[in-house]
Amino acid sequence: MPPATPARRARTTAPWWFMAPALLLFAFVVLVPSARGVYYAFTDWDGLDPHFTFVGLDNFADMFRDADAVQAVWHTLLIAASITVVQNAVGLLLALGVNSAIKSRNLLRVLLFAPAVITPIVTAYLWRNLLGPDGAINSLFGAVGLDSWRQDWLGSPDLALWAVVGVIVWQFAGYSMVIFLAGLQSVPQEIHEAAALDGAGPVRRFWSVTRPLLAPAFTINLMLSIIGGIKLFDQVYALTGGGPGHATDTLSTLIYKDAFTLGEFGYSIALAVVLTIIVAVVSTGQYVLLSRSERAAS
């Protein structure tokens, strides 16, 4: 192989010079603070005092002995799994509905997608008022004679977690719908017609023809929903503040409380490190599995 000429070397090294400012800014804003934060996870820093002690793995050991932290991990995984399943199931059904030839399909697409563009914190405060003891939901049940259905939706330890899941699904099912709709519209109509001529019914056509071709849409939706569910903070904190008690605390809300309420920054950063590891492991494992399924379907 002939040695690289100066001109060739210039062509290969020039892009790095263009990337250097962005890489330096990224390192200064993200990488360096993240590395420093990981170091604080091994200390007893309170967030203010410049003097702190290196405690090794004590924060991580305390985490496994902390019932609230263990419960928060369980809530985080439960919310993420529930949102992933329900949101994508609803989004797929909505996409199949608005992909039909009904005249109002364009209006329905806009209306169903609209909640996804509302700021999550605004959505949370809206639903907190609707789900309150004297909110519109309970008032509606009372007006139609269903007083037994009136509940303290956000104040009951048994219902609050599922109320949060319902709000998230309501807001982002339309987002999943749009991704599935893009996948449905990329499926050639000739394939459906050929399957129909072979005697396949609507369910059979979806399962054998449409579903395999939707593999990329499933991959994107499942990745986005499970990562978003694991990192969930805004809606939980605005709706319930992690309560009642710790019934809806997630790792994100517990990190906030330990850092800014209790002043245990070292411990809260240790929780954040665990959250980062969970996101990395779950998203990587999910991507590998979905990629294999996508290749098998293609």
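This passage walks through a predicted model of one protein chain, from its overall form to a few individual residues.

The model is predicted, so local features are reported where pLDDT is at least 70 and side-chain atom pairs where pLDDT is 80 or more, while totals for chains, interfaces and linings use all residues. Residues are numbered from 1 along each chain as its sequence is written, and side-chain values use heavy atoms, with hydrogens and water left out.

The chain has 13 helices and 0 strands; helices (H or I, at least four residues) and strands (E, at least two) are DSSP runs, numbered from the N terminus. With a radius of gyration of 25 Å, well over the 19 Å that the globule rule gives for 298 residues, the chain is more spread out than a compact globule. Here the radius of gyration is taken over C-alpha atoms, and the globule rule is 2.2 Å times the number of residues to the power 0.38. Along the principal axes, the C-alpha atoms fill a box of roughly 80 × 75 × 30 Å. Of the 298 residues, 36% count as buried; buried means under 20% relative accessible area, exposed over 50%, and partly exposed in between (1.4 Å probe, protein chains only). Among contacts (heavy atoms within 4.5 Å) with a separation of 6 or more, 65% come from residues 24 or more positions apart.

The buried residues of α2 are Asn 59, Phe 60 and Met 63. Seen down the axis of α2, these residues fall within an arc of 100°, so they line one face of the helix; the arc is that of the directions from the helix axis to the C-beta atoms. On the other side of α2, Phe 64 and Arg 65 are exposed. Leaving out residues up to four places away in sequence, Phe 60 touches Ala 41, Phe 42, Ala 270, Val 273 and Val 274.

Three further residues round out the picture. Thr 248 is found in the loop between α11 (234–239) and α12 (251–260), and is buried, with a relative accessible area of 1%. A polar atom of the Thr 248 side chain lies 2.6 Å from the backbone oxygen of Gly 243. Beyond four places away in sequence, the residues that Thr 248 touches include His 75, Ala 160 and Val 236.

Gln 286, in helix α13, is also buried, with a relative accessible area of 13%. Not counting residues up to four places away in sequence, Gln 286 touches Leu 222, Met 223 and Ile 226.

Ile 102, by contrast, is partly exposed, with a relative accessible area of 36%, and is found in the loop between α3 and α4 (105–113). Ile 102 and Lys 257 are 155 residues apart in sequence and 49 Å apart in space, C-alpha to C-alpha.

Methods. Polar contact = N/O pair within 3.5 Å; in protein donor to acceptor, adjacent residues only side chain to side chain.
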